[in-house]
Amino acid sequence: MKSGMSRENGKLITGLEYLKQRLGDVINTELGSLVGARGFGSRVPELVDRNVDSAFRMNAYIRLAE
């Protein structure tokens with residue numbers, strides 16, 4: 001099982017807490033923004049400041065699935 005350090009308090013986290021933190025990192029990082037890891041991230045940040053309607057929801061689902 002993977003483990004890591006909590007960004008909130010610096011303590012060791014494992015299991016579901018670690019998974020939640022890592023998924024949040026991937027979703028909130030723009031794809032291609034990390035120099036050493038261009039494939040890390042998602043296209044979800046592109047949706048910031050868009051109107052929330054049915055097209056927005058569909059785009060969010062698509063970007064999350066990628």
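Let's start with S42, which sits in the loop between α1 and α2. A quick word on those names: helices (H or I, at least four residues) and strands (E, at least two) are DSSP runs, numbered from the N terminus. S42 counts as buried, because its relative accessibility is 10%. Buried here means under 20% relative accessible area, exposed means over 50%, and partly exposed is in between (1.4 Å probe, protein chains only). So what is S42 in contact with, leaving aside its neighbours within four places in sequence? The list is V26, I27, T29, E30 and L31, where contact means heavy atoms within 4.5 Å.

Before I go on, some ground rules. This is a predicted model, where local features need pLDDT of at least 70, side-chain atom pairs count only at pLDDT 80 or more, and totals for chains, interfaces and linings use all residues. Residues are numbered from 1 along each chain as its sequence is written, and side-chain values use heavy atoms, with hydrogens and water left out.

Okay, over to the start of the chain. S3 is in strand β1, residues 3–5, and it is partly exposed, with a relative accessible area of 39%. S3 and T14 are eleven residues apart in sequence, yet 4.4 Å apart in space, C-alpha to C-alpha. Apart from neighbours within four places in sequence, S3 is in contact with L12, I13, T14 and Y18.

That last one, Y18, lies in helix α1. If we skip residues up to four places away in sequence, Y18 touches K2, S3, G4 and I13. Take G4: it is 14 residues from Y18 along the chain, and their C-alpha atoms are separated by 6.5 Å.

Now stay with helix α1, residues 15–28, which gives four residues, the largest share, to a nonpolar patch. The whole patch is L16, L19, L23, I27 and L64, about 450 Å² of surface. Patches are made of residues with over 30% relative accessible area and no salt bridge; like charges are joined within 9 Å, nonpolar side chains (Val, Leu, Ile, Met, Phe, Trp, Tyr) within 5 Å. The areas come from the Shrake-Rupley method with a 1.4 Å probe, and for residues only the protein chains shown count as cover.

Next, charges. How many salt bridges are there? The count comes to five, taking a salt bridge as a side-chain nitrogen of Lys or Arg within 4 Å of a carboxyl oxygen of Asp or Glu. In one of them, the side chains of D25 and R7 meet at 2.0 Å, N to O. D25 lies in helix α1 and R7 in the loop between β1 and β2 (12–14), so this pair ties together parts that are 18 residues apart in sequence. R7 counts as exposed, at 53% relative accessibility.

D25 also forms a salt bridge with R22, with the closest N and O atoms 3.9 Å apart. Those two are separated by about one helical turn, because they are three residues apart in α1. R22 is partly exposed, at 35%.

Then there's R43 with E46, a salt bridge at 3.6 Å, N to O. Salt bridges that share partners join R43, E46, R63 and E66 into one network.

Last stop, helix α2, residues 54–65. At 1.5 Å a residue its twelve residues should span 16 Å, and its end C-alpha atoms are 17 Å apart, which agrees; the expected span is 1.5 Å times one less than the number of residues.
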